[in-house]
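Hello,

Here is the structure I promised to pass on. Could you look it over alongside the notes below?

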Amino acid sequence: MPNIKFSEAITEALREEMERDEKVFVMGEDVSTPSVSPLTAELADRFGKARVRNTPISELGFTGAAVGAAMAGYRPVLDMRLVDFTLVAIDPIANQAPKLRYMLGGQVSVPLVIRTPQGGGVQNGPTHSQSLESWFMKIPGLKVAVPSDAADAKGLLKTAIRDDNPVIFTEYRSLYPLEGPVPEGDVAVPFGKAAVKREGSDITLIGVGSQVPKCMEAAEALAADGISAEVIDPRTISPLDTEGLAASAGKTGRCVVVEEGHLHGGVGAEIAAALQAVLFGSLKVPIERVAALNAPIPVQPKMEAFVLPSTEKIAAAARIALNYA
Amino acid sequence: MPDSKGVFMREKLGEMYRTMVRIRRFEETAQELFEKGGIIRGGIHVSAGQEACSVGVCSALNDDDAILTTHRGHGHSIAKGTRLPEMMAELFGKTAGLCHAKGGSMHIADVSKGHYGAHSIVGSNMPMAAGIGLAFQLNGRGQVAVPFFGDGASNQGAFHESMNLCAIWKLPVVFFCENNHFASSTRAEYSTSVEDISTRAQGYGAPGVTVDGMDVLAVHEAVAEAVKRARAGEGPSLIEAKTYRYYGHSRLDKKFGSYRDEEEWNEWKARDPLTVAGRLFGLSEAEAEGHRAAVEKELAEAVAFAEASPEPEPEMALEDIFA
Ligand SMILES: Cc1ncc(C[n+]2csc(CCOP(=O)(O)OP(=O)(O)O)c2C)c(N)n1
């Protein structure tokens with residue numbers, strides 16, 4: 001298997017899907033400019049600027065337009081540049097795309113993918129650093145993929161594009177440069193199937209998106225103390241593979257759920273609730289959570305690091321679960 | 001200022017010129033420090049080339065009038081009187097920064113000077129400007145609110161909805177569009193349905209004018225007229241200033257991106273707003289040099305202040321979440 005970057009995996013998936021299906025097109029601000037959009041610009045050279053379509057700064061307009069084009073038979077893939085900007089377009093994302101099929105009695109489908117680069121750690125401040133997957137996961141009719149490595153990025157994006165429903169496809173910017181093995185050929189990763197990224201027996205670390213590599217680092221640190229941590233990645237949070245996560249957490253009896261988004265109302269809250277319902281009695285200790293503190297993400301790096309989760313915070317939470325009286 | 005005269009006018013013109021120099025040198029200094037790395041926290045978007053806009057607008061406003069700016073707001077901030085040392089400290093991520101190092105360059109604010117903040121979600125400042133205009137109308141003190149925005153932002157729904165609100169309620173708001181011809185790498189002629197953005201005012205029954213954004217007096221006169229109208233209760237105006245940004249869009253963008261070339265850059269640079277102002281004001285080289293020297297001193301003080309200010313404690317991230 002060739003090693004490629006997470007960012008390259010995204011481009012490969014887009015290229016292959018655009019080749020496979022001429023109904024697929026890419027749209028967003030500056031998507032054909034190499035210096036601004038390295039992931040999509042080469043696609044403009046290959047497929048032309050009609051299929052890699054630059055938009056004005058009109059998120060509400062072009063997202064709504066993508067919903068319309070999807071209803072009328074196309075398969076738009078939006079590049080939102082940052083998830084923060086989806087909030088300008090929340091009506092088509094939350095009110096329209098996920099509900100149209102239902103409201104119109106099954107007459108239409110909305111095969112739309114919204115790529116949302118996101119996450120902090122780059123001193124971009126409160127309105128350019130958010131992680132919002134937990135907002136989207138509570139909207140019925142919307143699917144949410146949160147890949148954490150190159151192989152899943154490629155495989156999940158292929159599945160997202162082929163899906164006949166609207167999908168939020170989260171891309172943590174911190175993952176873009178990370179390399180990993182990606183299978184050659186047309187390999188789509190199914191939605192709703194968690195993946196064990198590291199096997200272990202003492203404790204389960206459930207990581208979402210950017211936090212999977214952090215969980216792997218924490219597992220390494222714990223291993224130095226003779227603790228065997230399993231790391232599992234839900235890969236999609238809507239649908240959520242409760243069974244797969246429960247199999248791991250049930251096996252170890254101890255569990256930490258980690259995400260970059262804010263603690264309050266986070267993905268971890270949903271996962272913890274789902275797990276306790278099926279694992280009550282077999283969990284040895286309460287489920288721990290690590291997430292961003294309930295504050296906006298400040299620019300200054302020390303304050304930003306204080307708010308965001310980290311490998312150290314994950315390892316510390318694991319030790320609390322392991323040493324629970 | 002055609003209707004001003006004598007000593008007052010020379011003083012005011014001198015101050016306007018000095019403010020333009022202050023902005024230019026602030027931007028160049030910020031860019032230099034940024035390129036050194038590890039000093040400036042977060043990204044910056046510099047406005048060099050657009051000084052005539054900032055100064056042309058703010059010289060037509062009173063201290064208690066309001067501005068709201070954008071990600072590219074250093075110039076507007078300085079022109080409205082924002083405290084330079086505290087502004088520099090914000091870029092440095094220091095405790096003494098105007099936003100206590102939480103907002104950074106993209107959120108500079110100095111409410112004590114009528115500066116209601118830089119707002120980094122493109123278009124977001126315009127509805128808020130309408131709201132400040134509403135408050136001004138209600139309090140009856142004759143104040144005016146000015147949102148600055150780019151050609152790119154004029155394609156956001158927020159712009160159109162705000163124009164309409166201000167028009168139907170006759171709010172004292174002057175929409176000031178700096179058409180620097182680019183939104184990131186996208187040329188305005190591609191993204192925008194009209195050649196002159198000012199013509200969009202017609203759709204809202206408001207006056208719209210396009211002015212030379214490299215000419216500080218042309219900007220000043222157009223804004224003064226619109227401000228007069230706003231104070232008289234006649235509602236909003238839209239002013240478009242054609243201008244140019246000298247640097248790349250942001251930290252990730254080079255001066256000459258794939259979307260523009262050196263020739264175009266040089267054409268605009270030949271009409272540099274500081275040179276134009278110096279000529280219009282009849283400034284001698286000695287006077288210009290005096291302004292430059294004074295500004296160098298201010299900037300050195302601002303940098304020293306920013307350097308000396310302590311870094312925040314991590315826990316300060318939890319302050320000011322709620323009032
Ligand atoms: C809602 C939203 N969409 C996209 C962006 C990313 N972005 C920041 S500045 C910018 C270009 C703005 O262009 P313009 O309004 O012309 O202002 P200029 O940068 O030229 O001053 C873009 C696309 C953003 N900050 N907010």
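Predicted model: local features only at pLDDT ≥ 70, side-chain atom pairs only at ≥ 80, totals over all residues.

Residues are numbered from 1 along each chain as its sequence is written, chains are lettered from A and ligands numbered from 1 in the order written, and side-chain values use heavy atoms, with hydrogens and water left out.

Let me start with the interface. Chain A brings 32 residues into contact with 36 residues of chain B (contact means heavy atoms within 4.5 Å). About 2,600 Å² is buried between the two chains, 60% of it from carbon and sulfur atoms (buried area is the accessible area, with a 1.4 Å probe, that two parts lose on being put together, summed over both). On the chain A side, A:Ile57, A:Met303 and A:Phe306 lose the most area, together 23% of what that side buries. The rule finds one salt bridge across the interface, in which the side chains of A:Lys302 and B:Glu311 meet at 2.5 Å, N to O (a salt bridge is a side-chain nitrogen of Lys or Arg within 4 Å of a carboxyl oxygen of Asp or Glu). Helix α11 of chain A (residues 301-307) gives the most to the side that touches chain B, with five residues (helices are DSSP runs of H or I, at least four residues, and strands are runs of E, at least two, numbered from the N terminus).

Over all chains, the salt bridges come to 43. One of them joins A:Glu16 and A:Lys158, with the closest N and O atoms 2.7 Å apart. This pair links helix α1 (residues 6-20) to helix α7 (residues 150-162) of chain A, 142 residues apart. A:Lys158 is buried at 1% relative accessibility, whereas A:Glu16 is partly exposed at 23% (buried means under 20% relative accessible area, exposed over 50%, partly exposed in between, with a 1.4 Å probe and protein chains only). Both residues belong to a salt-bridge network that also includes A:Glu12 and A:Asp186.

As for cysteines, the structure holds zero disulfides (a disulfide is a pair of cysteine sulfur atoms within 2.5 Å). For B:Cys53, the nearest cysteine sulfur is that of B:Cys177, 9.4 Å away.

Finally, helix α4 of chain B (residues 84-91) has seven of its eight residues buried, including B:Glu86 and B:Glu90. Just after this helix, B:Gly93 takes a positive phi of about 70 degrees.

Best wishes
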